[in-house]
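Thanks for making the time this morning.

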Amino acid sequence: MDMFYSGRLGEKPASSEPEHMEIIPEIETKQRKVIVCLDNGHGVDTPGKGSPWTLCKVKPELPFREYQYAREIVAYLTVCLMNDGYDVRRIVSEDKDIALSERGARINKIVEEANQKGYHTLSISIHNDASGMGNKWMKATGWSVWTTVGQNNSDILAQCLHDAAKEVLHNKNVKTRADRQDGDDDYEKNLAMCRYPNCPAVLTENLFQDNIKDVEFLLSDEGKKAIVDIHHKGINAFVEKMGW
Ligand SMILES: [Zn+2]
């Protein structure tokens with residue numbers, strides 16, 4: 001008896017039950033006409049931008065590099081946003097640092113493409129803050145968002161992100177930082193990644209890489225999820241508010 005082969009290759013053994021079609025549930029696919037540009041901050045070759053342990057072997061042993069963290073958050077956030085039907089673009093796919101003007105040019109090329117197809121665009125540059133030189137652990141703590149000086153749609157995006165940050169972080173006993181001088185919660189400075197893009201553009205400083213408590217939180221699963229959730233919720237709230 002041939003133990004290995006009976007019938008034609010690929011043929012299923014006869015079944016006593018009639019075969020029926022598998023019912024595949026129809027998945028609701030919502031395609032939003034919004035392109036989200038995500039800039040993952042610095043490169044592997046950007047000097048500094050790490051925890052005092054990583055840069056100067058100052059204990060406690062908390063290894064942290066800003067360029068790497070931003071890439072991890074952007075990867076995770078991309079999946080969440082794609083599931084919501086957004087067109088998501090990572091501005092820097094390289095590991096090395098890309099000049100700010102080049103990043104701005106990449107975003108503006110996408111803005112042009114979006115305008116041609118009747119899509120909207122927004123841009124977020126993702127960072128971690130620092131208050132020292134990386135050679136000792138510091139006291140400053142908290143999450144903040146930055147826009148250019150003056151009011152435009154970027155300030156609305158910033159406020160949506162800040163509101164989400166308060167919702168996500170405060171019940172975890174993690175602080176947010178706000179500059180209330182002009183009546184909203186963002187900080188204003190003409191940073192390149194807020195100034196170059198021809199679309200609503202903000203920069204988020206996701207806690208301090210030279211604060212022990214902040215780094216412990218950032219490295220935890222809960223912390224990573226929180227940072228992703230802030231951006232995810234904030235973007236959704238903004239898009240709804242704009243009626244996009
Ligand atoms: Zn940075």
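Let me begin with what counts as an element: helices (H or I, at least four residues) and strands (E, at least two) are DSSP runs, numbered from the N terminus. Two strands are said to pair if DSSP finds at least two bridges between them. What you see is a predicted model, in which local features need pLDDT of at least 70 and side-chain atom pairs count only at pLDDT 80 or more, while totals for chains, interfaces and linings use all residues. Residues are numbered from 1 along each chain as its sequence is written.

On that basis the secondary structure of the chain comes to 7 helices and 6 strands, and along the sequence these follow the pattern β-α-α-β-α-β-β-α-β-α-β-α-α. The 6 strands form an open sheet with mixed pairing, in the order β2-β1-β3-β6-β4-β5. Its edge strands, each pairing on one side only, are β2, at 87-90, and β5, at 187-188.

Helix α2, residues 66-83, packs on this sheet and touches β1 (34-39), β2 and β3. The direction of α2 makes about 145° with that of β3, where axes are lines fitted to C-alpha atoms, for helices over the stretch in contact, and angles run from 0 to 180 degrees between N-to-C directions.

Now to the pairings themselves. Strands β1 and β2 run parallel and are joined by 4 bridges, with L38 standing opposite R90 in β2. Strand β1 also pairs with β3 in the parallel sense, over 6 bridges, and there V36 stands opposite L122 in β3. Further along the order, β3 (residues 120-129) and β6 (residues 201-208) run parallel and are joined by 6 bridges, and I124 stands opposite V202 in β6.

How enclosed is β1 by the rest of the structure? I call a residue buried if 20 or more other C-beta atoms lie within 10 Å of its own, exposed if 12 or fewer, and partly exposed in between, with C-beta atoms placed from the backbone. By that rule 6 of the 6 residues of β1 are buried, so the strand is largely enclosed. In a regular strand the side chains alternate between the two faces of the sheet. For β1 both faces are covered, with V34, V36 and L38 buried on one side and I35, C37 and D39 buried on the other. Over the chain as a whole, buried residues make up 40% of the 244 residues.

Contact here means that the C-beta atoms of two residues, placed from the backbone, lie within 7 Å.

One of the residues in α4 is D155, which counts as buried because it has 21 C-beta neighbours inside 10 Å. Leaving aside neighbours within four places in sequence, D155 is in contact with T147, D184 and D186. The C-alpha atoms of D155 and D184 are separated by 7.9 Å, although the two are 29 residues apart along the chain.

A nonpolar core is a set of buried Ala, Val, Leu, Ile, Met, Phe, Trp, Tyr and Cys residues joined through C-beta atoms within 7 Å. The largest such core has 54 residues, of which V36, L38, I73, L161 and V202 touch the most other members. Helix α4 gives the most to this core, with 8 residues.

Finally, some backbone details. Most residues other than glycine have a negative phi, and most peptide bonds are trans. The peptide bond from K59 to P60 is cis, with omega near 5°, and P60 lies in the loop between α1 (52-56) and α2. K49, not a glycine, has a positive phi of about 55° and is found in the loop between β1 and α1, where K49 is buried, with 24 other C-beta atoms within 10 Å. N173, also not a glycine, has a positive phi of about 65° and is found in the loop between α4 and β5, but N173 is exposed, with 8 other C-beta atoms within 10 Å.
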